[in-house]
Amino acid sequence: MMSKKIEITLTTQKKDKPDYNKLGFGRYFTDHMFVMDYHTDKGWYDPRIVPYEPISLSPSSMVFHYGQAVFEGMKAYRTEKGQVLLFRPDKNLSRLNTSNERLDIPAVDEAFVIDAIKKLITVDKEWVPTAEGQSLYIRPFIIATEPYLGVRPSSEYKLIVILSPVGSYYGDQLKPVKIYVEDDYVRSVKGGVGFTKTSGNYAASLKAQTEAEKVGYAQVLWLDGVEKKYVEEVGSMNIFFKIDGEVVTPALNGSILAGVTRDSVINLLKHWGVPVSEKKIAIEDIYEASKAGKLEEVFGTGTAAVISPVGELKWEDHVMNVNNGEIGPISQKLYDAITGIQSGKIKDEFGWTTDVEELATIK
Ligand SMILES: *Cc1c(COP(=O)(O)O)cnc(C)c1O
């Protein structure tokens, strides 16, 4: 078992803080990062918090050639009382190990890494934004670092956690986006790596995204990779539809990412008594519902935007208008509930939040 002690080296040159009114997403990074190494002979070792700085890697590091890399994304929020809360970090860490397992990367000790993240945030606490809608984005990632060009799993890895203060995704208003239903490129297939957060999935999605943007759409809605008939995800978010009073989302089928926000939405809807189900959803049926005037709301879910309302879907020659391009009541209610729990404004009845100062495994 690895040593639980985290060595901390503080920076001697704190950076100037960016303008918190113009944070955007993922542009600025805090003063420190968490790093831990792996070697087949030692397991995970040398956990440490060090100044945020460039890392040095051999050009033959396996990650550059064969893409053995996984990541996570979560956020920390400051409450009105000045506490800093994490939202369901256990879900992110267990998903990191799901991704690790599929990419043949060694598992990490989930509770230990959550504690390490909490320590890192505590060290960089002054970077956690205070304004409404802002948060500290947390990006843990693992890369294969062994210098070797043979195709096999690496024997060495680095886990790094970096932190970035981020603004509210949409500013004050939740603005519905226009979505292009992609029926040429596919994101993933069952048996592949679609259910993991691995870098290659995102590299493979960029061209479709660029082409959708060229014709005026913000994101693509992915269909299944075999028949291109069934809805899967929207951009890098999960997708929900409200049809004739019932909320539906694609069932987790091996090619869809199991979003933490998706799971939270399902739990909240059940808690409120709103009918919700996970199933196979044909794009044709969405179109039929739209024609019949029964497509009431469409929204994406993900850590970055939380709830992202969809105002228009374009599939082949069909343009489906959703709720006159305005945010629907369920989308708004979910957004308010989730961001309320995350920021400590609403009582957390689900036990989803944890204070960064509560450590489970290290002191
Ligand atoms: C991260 C991600 C999501 C959303 O997951 P959350 O845990 O809610 O942030 C959905 N789809 C893809 C492809 C993703 O990468």
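So, domains to begin with: the protein chain splits into domain 1, covering 7–170, and domain 2, covering 177–326. Keep in mind that this is a predicted model. If you take the C-alpha centres of domain 1 and domain 2, they sit 28 Å apart. As for who takes part in the contact, domain 1 puts in 21 residues and domain 2 puts in 20 residues.

Okay, how much area is buried between domain 1 and domain 2? It's about 1,700 Å², and carbon and sulfur atoms give 59% of that. If you're wondering why I quote an area here, the size of an interface is often given as the accessible area lost when the parts come together.

Between domain 1 and domain 2 we count two salt bridges. Here's one you can look up on the structure: Arg88 pairs with Asp263 in a salt bridge, and their closest N and O atoms are 2.8 Å apart.

Let's turn to the side of domain 1 that touches domain 2. Which elements give two or more residues to it? Those are strand 4 (69–71), strand 5 (74–78) and helix 2 (89–103). Helix 2 has the largest share of that side, with seven residues. And if you sort the residues on that side of domain 1 by kind, you get ten nonpolar, five polar and six charged.

Definitions and conventions: Residues numbered from 1 in each chain as written. Predicted model: local features only at pLDDT ≥ 70, side-chain atom pairs only at ≥ 80, totals over all residues. Heavy atoms only, no water. Domains from an automatic or database assignment. Contact = heavy atoms within 4.5 Å. Buried area = accessible area lost by both parts, 1.4 Å probe. Salt bridge = Lys/Arg side-chain N within 4 Å of Asp/Glu carboxyl O. Helix = DSSP H or I, 4+ residues; strand = E, 2+ residues; numbered from the N terminus. Nonpolar A, V, L, I, M, F, W, Y, C, P; charged D, E, K, R; others polar.
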